[in-house]
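Reader: I'm new to this one. Can you walk me through it, starting with how the helices sit against each other?

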Amino acid sequence: MSLSSLLRMRLSSRCSTNQILQIRALSGADTVNALRPFYFAVHPDFFGQHPRQREVNENSLKRLNGYLESLQKPGFRSVKPTKLTFYLREVRGETESNNDVLRSGFRLVTFTLQAKDVLCAVVDVLKSCSLSVEHMQGLLTARAQSQNSAQQGGTPFYRPIKWDKTYYAFTGFRDPEEELEQAKKVETTLSLWLRNNEPEATKKQKASISRRAELKRLKRELIEELGLLDIRWQRKWGVAHRCCQMQSLSRLSSQNPEAMHNLRGNTVVFTDQSGMNVSGHVMLGTMDVHHQWTKLFERLPSYSRLLQQTEWLKDRISFLLGGMQVIHMERVGLALPLEDHYSTLNTFHKRLLPHRLALHPRSLQGLAMTLENDRSSPSLHEMGHFIVPTMYDPVHLQNFLQSNAQEAHRRLQRKGQLEAEEEDVVSICVQGLSLQSLSKEPSVSSSQMIPCCRRLIEERSPYMQGLHLCVSHFYSVMQDGDMCIPWDWKG
């Protein structure tokens, strides 16, 4: 064979291999486009009135993105199988007979990713969520053609070198296939994870003791000095970050004491934007400067008047809807400005007025509802409150509320029982396991927290003593030493 022919064969083989690699390793933009139907179904922004589901999707998206990034890294060997849980919004055309579809308008999906390339991972995600892969037919067809050509003796299909087992035994290198198989078989258990991570958590916790004490002191002194009812945080920032926020407020108080008078009798919440929230709490944006905080304090009297008008609208809506109360469920990590809430209430009140619904003033007393702008139909939440679209027809709304009132009362009663039971079992857990504290993420429900705590009591791991434990959806060690464990941990 001539040298030129050999070079052409090698060049052709290299080009074909590159094409196959491009099929296997989608670009970042191609991956996003391929997963667009999935993102539309699970994006946290669509779960504004469902904080628990919103946070589950946020955490799972982070894990999914990390998995895909690992696959796209050049020279990767294997990626540990990753279990993901998502809440998917109900799409049109879905039948009500589907048992996976929850009453709240979304369904729960759990699956484990084990794909070795991006294309397979994307297809697995879409299929696991029962979403179409038709928009990826071009990529799938190209992949099938490349595999067929390899099987027919044409251009060799790309694959990593597979060494004999004796190679790894002789050299001492790790066998990537063996590691992957072990990762598939072995799931992380609570006792193993605590044993491996307790030293790191203890070290971080000891390092944060002085900061925790400083945080308590600053909070106590600021509440007394400014006459506040409380100081809170919208996000779960670290202790050091919280100390800096309160030190900033303390400096403003000493530099401009006149501006602080309007704060007296209020609750301050450190969050992402300045203003007043639906509960009437003063929000201080952590990225704002002192000048912006001072302007906010000057406007507090006008905010107080807007809050009174908001409460008046709630009373009027309650009167028109048989005594049902309008409430607001805070989003995880996000706060609704008072102005936006007032606008929503005002729009809904104007739609109710002309219809004069035939409801007894106390027929729906004891029930609650939230208003949502981006929904098309009402629903009954698993915790007993109604979720009502702002622009929904009032007559149809009346029929929906009356037909579901009994079930709403039942769910509210169950909610109260679960919350009381949760409080008792958490107290038993803290005392019985000698924990420093036991908390949970807002996205963890009472029905998840209760069995989790009971299993913790049965487990009685010695590694738990003296820890700050937080029940979440994934294992992690926080920067201040708090240990987060999933509510469905394995023993």
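Author: A definition comes first: angles under 35 degrees count as roughly parallel, over 145 as roughly antiparallel, 65 to 115 as roughly perpendicular and the rest as oblique. Axes are lines fitted to C-alpha atoms, for helices over the stretch in contact, and angles run from 0 to 180 degrees between N-to-C directions. Helices (H or I, at least four residues) and strands (E, at least two) are DSSP runs, numbered from the N terminus.

Reader: And where does the model come from?

Author: This is a predicted model, where local features need pLDDT of at least 70, side-chain atom pairs count only at pLDDT 80 or more, and totals for chains, interfaces and linings use all residues. Residues are numbered from 1 along each chain as its sequence is written, and side-chain values use heavy atoms, with hydrogens and water left out.

Reader: OK. At what angle do α12 and α13 cross?

Author: Helix α12 (residues 290-320) and helix α13 (residues 338-352) cross at roughly 30 degrees, and their axes come within 10 Å. The two are therefore roughly parallel to each other. Their crossing is left-handed; that term applies if the near helix is turned anticlockwise from the far one by less than a right angle, and right-handed applies if clockwise.

Reader: Which residues of α12 and α13 make the contact?

Author: On α12 they include Tyr303, Leu306, Trp312 and Leu320, and on α13 they include Leu338, Tyr342, Phe348 and Leu352. Contact means heavy atoms within 4.5 Å. By class, this contact has 12 nonpolar, 5 polar and 3 charged residues. Ala, Val, Leu, Ile, Met, Phe, Trp, Tyr, Cys and Pro count as nonpolar, Asp, Glu, Lys and Arg as charged, and the others, Gly among them, as polar.

Reader: What about α11 and α12, how do they cross?

Author: Helix α11 (residues 239-255) and α12 cross at roughly 70 degrees, with axes that come within 11 Å. They are therefore roughly perpendicular to each other. The crossing of α11 past α12 is right-handed. Among the residues in contact are Leu249 and Leu252 of α11 and Trp293 and Phe297 of α12. That contact has 4 nonpolar, 5 polar and 1 charged residues.

Reader: Switching to strands. What's the order of the sheet with β3 in it?

Author: The order is β3-β4-β6-β5, an open sheet of 4 strands with mixed pairing. β3 (230-233) and β5 stand at the edges with a single partner strand each, so one side of each has no neighbour in the sheet. Two strands pair if DSSP finds at least two bridges between them. α11 lies across β3, β4 and β6, and runs at about 135 degrees to β3.

Reader: How does β6 pair with β4 and with β5?

Author: With strand β4 (residues 267-271), β6 pairs in the parallel sense over 4 bridges, and valine 269 stands opposite methionine 283. With strand β5 (residues 275-276), β6 runs antiparallel, joined by 2 bridges. Methionine 276 has valine 282 as its bridge partner, while glycine 275 stands opposite methionine 283.

Reader: Which way do the β6 residues point?

Author: In strand β6 (residues 282-285), Val282 and Leu284 point one way, Met283 and Gly285 the other, and all are buried. Buried means under 20% relative accessible area, exposed over 50%, partly exposed in between (1.4 Å probe, protein chains only).

Reader: What sits between β5 and β6?

Author: A hairpin turn: 5 residues lie between the two strands, and glycine 280 in the turn has a positive phi of about 85 degrees. Histidine 281 is also in that loop.

Reader: Is histidine 281 buried or exposed?

Author: Histidine 281 counts as buried, at 16% relative accessibility. Leaving aside neighbours within four places in sequence, its contacts are Arg232, Thr267, Val269, Gly275 and Met276.

Reader: And the sheet with β7?

Author: That is an open sheet of 4 strands, ordered β7-β8-β10-β9, with mixed pairing. β7 (325-326) and β9 (379-380) stand at the edges, each with a single partner strand, so one side of each is left without a neighbour in the sheet. α13 packs on this sheet and touches β7, β8 (368-372) and β10; its direction makes about 105 degrees with that of β8. β9 and strand β10 (residues 386-389) pair in the antiparallel sense over 2 bridges, where leucine 380 stands opposite phenylalanine 386.
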